[in-house]
Amino acid sequence: MTLHNRDVRQDVRELGALLGEILEAQTSRRAFETVESCRTTAIDYRSGEIDSREPLVAELEGLSPSRQRIVARAFTTYFELINLAEERERVRSIREDSQADELEDSLEAAAVELADADPETVREVLDDVLIEPTFTAHPTEARRKTVKAKLWEIATHLETLDERLLTEKESGQVWRDVDAEVTSLWQTPQVRKRQPEPEDEARNVQWYLENTLFDVVGEVYDELADALDDEITTPPAIPKLFEFRSWAGSDRDGNPYVTPDVTANTLERQRGVVLERYREELKRLSGVLSQDGDRIDVGPQFKASLENDCEDLPGSARTASERYPGEPYRQKLKLMRSRLERVGDVRPGGYDDAEALLADLEIIADSLRDNGAETVAEAHVDPLRRQVETFGFSLASLDLRDHQQKHTTAIAEALEREGIEYRSLGEDERVDLLTDAILQDERVIDLEDTDDLSEETARVLELFSRLADWQAEYGVDAIDTYCISMTEEPSHVLEALFLADQADVVSLPEHSGLDIVPLLETEYALSGARRIMGTLFENEAYEQALEARGRTQEIMLGYSDSNKENGFLAANWSLYKNQRRLAAICDDHDVTVRLFHGRGGSISRGGGPMNEAMLALPNSTVTGQIKFTEQGEAIAEKYGNLRIAERNIEQMLNAQLRARMQALSQPHEDVPEAWLEAMELMADAARTEYRDLLESDGFVRYFEEATPIRVIEDLDLGSRPASRTGERTVEDLRAIPWVFSWTQSRCILPGWYALATGLDAFLADGGSMETLQEMYDEWPFFRTTLDNAALSLARTELEIAAEYAALADDDLRERFFPRLSTEYERGVELVTTISQRDSLHTRDWFAEHLERRNPYVDPLNLLQVYLLGRTHRTDVEERTLRLTVKGIAAGMKNTG
């Protein structure tokens with residue numbers, strides 16, 4: 001059976017040819033020939049036909065500014081199209097492997113493993129698992145929304161050509177539409193002319209939730225149910241396994257533009273979107289459930305439910321009866337649509353919450369099953385039930401986040417008016433004061449009285465004041481988590497609890513409407529985890545809040561800042577051992593830990609395959625609940641296509657089911673003490689080398705001169721500033737532009753620097769290569785760490801990086817670039833030796849990916865270097881430089 005009509009080479013070839021035709025038509029034959037010359041020269045160098053890039057450099061530098069812009073635009077557009085071709089190839093691979101029953105990490109494979117366990121264990125695994133992808137507004141998506149919309153249309157046309165049997169005429173019509181979209185894409189500005197606002201970012205996240213994830217969730221549950229039915233005689237009921245969350249529109253850390261009004265608008269818009277989707281689904285269901293009421297017995301429960309609705313909504317009931325006489329299911333569905341329309345309305349009769357809608361759907365499903373329509377319920381009602389369970393009335397629950405210093409300052413200012421000098425108190429005194437204030441019945445401060453307070457303090461108090469209103473309007477589940485950045489003391493957590501208490505969001509011991517989540521991201525915080533969390537768990541006020549939240553403590557780990565502070569190897573080891581430490585602390589206090597992994601899109605910020613990361617976590621941390629961030633271009637890559645989104649969710653669920661079952665059978669993995677000691681030695685040496693690099697005199701200036709950081713800071717990628725204070729230090733710079741800059745220069749230092757130093761320190765201390773190879777073969781953490789470093793090493797191009805290094809002052813270049821090169825080359829040697837393979841590539845498709853892209857990224861890099869070296873750039877050159885950043889990001893399929 002042939003599933004597809006095309007392959008990736010055909011897509012690349014034909015899209016490239018089409019772009020060439022459009023380029024010539026929209027510019028000139030001469031411009032087309034210029035682009036072709038740059039392309040073929042770059043390929044000739046990569047293939048060994050010529051031994052220098054000088055002809056390409058000379059051609060690019062000799063072009064007029066307008067012609068340089070055309071070249072940059074051509075290669076940028078090419079990558080946008082080739083990314084679609086590779087996405088289509090990924091879909092082909094998924095479908096073909098599924099057809100051949102060869103799909104790895106499938107739900108069928110997970111069901112086979114579950115079938116080996118006793119029924120009680122299977123039920124426990126399913127009950128424990130809850131996966132919470134959390135979408136953030138971090139500014140790493142370099143493409144405009146308008147550009148993404150056009151690419152979506154082109155991708156849809158490619159799917160039609162690939163998966164449908166078309167006549168020549170029909171195929172020609174589809175290609176005409178592709179031609180039209182690519183032409184429009186060419187004529188559309190690639191670079192934003194304004195900085196996106198927080199609500200733009202919230203709408204972007206909302207798009208993926210509404211248009212892909214809402215549709216695929218039910219299918220994933222169906223697949224799991226089918227897989228369990230095939231493997232287990234009496235499979236247990238499948239509980240809720242997924243919940244989607246978002247920071248877009250609610251993450252205030254470092255972003256002054258995320259106001260309470262932005263959060264309120266996001267809550268309202270998301271509720272409106274999900275309710276409209278439910279109304280659409282009920283309308284579709286009405287077309288299916290056309291059963292004749294005279295031929296079936298809908299049952300007493302259904303009759304009572306319908307009668308209650310008729311009493312509550314008499315006008316809608318008359319309309320339903322007239323429109324659907326004798327069709328009870330359709331009448332019920334019409335009334336359900338009316339109830340959805342009244343959610344948040346002044347009119348009575350609306351659903352109070354998603355549970356009420358879910359109850360109505362269950363009544364319909366039970367009635368259908370009682371009438372022998374099991375397949376109708378399974379095919380049409382159950383998927384909608386899963387959607388309601390997953391998305392509720394909020395689409396995605398919002399997490400609030402802010403920096404701990406904002407809370408400390410706000411409380412100090414507010415308490416000063418009450419005669420309390422909070423600033424002068426020591427840590428223990430602050431804990432005691434906050435505890436007493438939370439436990440007493442009377443309020444200590446008036447959140448609404450912000451006269452004579454600083455603007456920043458007024459913003460903090462207003463947020464907590466409005467939080468109570470939001471929970472009353474949209475439900476506690478819509479916005480029930482508060483994350484505290486840079487948490488380093490127990491008082492930082494109690495400050496958020498105190499403010500929530502003053503807002504009546506918390507009323508102990510009966511109620512706590514907030515999960516308070518410390519974000520541990522510095523070495524000081526991670527190493528002091530027992531001090532921080534132990535103090536909180538033994539604190540009377542916090543213990544009551546924890547009890548009210550089911551004794552589950554969410555703790556966020558910051559991958560990005562940990563890497564920027566400590567380097568790749570030391571950060572990974574610190575995160576691993578501190579996860580084990582946190583699990584032990586929670587276990588000591590009879591608390592269930594839910595780790596929130598603050599992962600970025602790139603390897604150096606915790607990126608990489610999520611399913612592999614799940615399986616590499618310490619067993620003691622795998623309680624079943626897991627939460628992780630999804631950021632920037634990774635969101636588009638994972639969730640922009642329905643089939644790829646479904647596959648990603650399937651792989652996550654496969655990994656978490658297996659990881660939880662493994663954790664139940666072996667709560668603490670058996671890692672040899674010698675391996676732990678080896679990692680400690682390697683991490684210490686790597687951290688020392690990494691910190692020495694960052695703290696070397698002149699390194700920050702080298703970073704400024706040898707990467708496009710200044711350009712990236714000025715790009716309108718996101719609503720949040722690139723640095724926390726505007727100062728030029730590595731510590732002050734946010735992790736995203738730090739990684740983005742190195743990625744652009746093809747020296748992906750944050751993903752591998754000091755790895756070789758750490759490994760060599762172990763070997764120099766008497767360790768053997770055989771031990772490292774054994775660790776790689778048998779320890780998932782070590783294997784995943786090295787494989788991720790291998791990806792960063794493979795994407796690094798030192799020849800191109802040398803061109804950027806040449807922009808730096810001669811002394812700086814001679815001091816730093818050889819040091820980076822030596823570490824890189826030794827890293828490649830060690831990783832390939834330890835993994836016992838000939839290349840860094842772990843997958844054949846990745847090698848093809850690099851081979852296809854590298855020659856086309858080179859001209860953009862070389863043009864960027866030339867423009868960065870210009871002391872005075874014209875407006876056209878400035879726009880071209882910004883465009884090269886977009887193009888390289890598209891070519892690398894990675895930013896920060």
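**Close-up views of a predicted model**

**View 1. Helix α24 against the strands.** Helix α24 (residues 568-588) lies across β7 (515-520), β8 and β9, running at about 165 degrees to β8. Helices (H or I, at least four residues) and strands (E, at least two) are DSSP runs, numbered from the N terminus. Axes are lines fitted to C-alpha atoms, for helices over the stretch in contact, with angles from 0 to 180 degrees between N-to-C directions; contact means heavy atoms within 4.5 Å. The model is predicted, so local features need pLDDT of at least 70 and side-chain atom pairs count only at pLDDT 80 or more, whereas totals for chains, interfaces and linings use all residues. Residues are numbered from 1 along each chain as its sequence is written, and side-chain values use heavy atoms, without hydrogens and water.

**View 2. The barrel and its β8-β9 pair.** In the order β1-β2-β3-β4-β7-β8-β9-β10, 8 strands close into a barrel with parallel pairing; two strands pair if DSSP finds at least two bridges between them. Strands β8 (residues 552-558) and β9 (residues 592-598) run parallel and are joined by 7 bridges. E554 has R594 of β9 as its bridge partner.

View 3. T880 belongs to helix α38 (residues 875-892). Its relative accessibility is 1%, so T880 counts as buried (under 20% relative accessible area, 1.4 Å probe, protein chains only; exposed is over 50%, partly exposed in between). Leaving aside residues up to four places away in sequence, T880 touches P65, Q68, R69, A72, L863 and L867.
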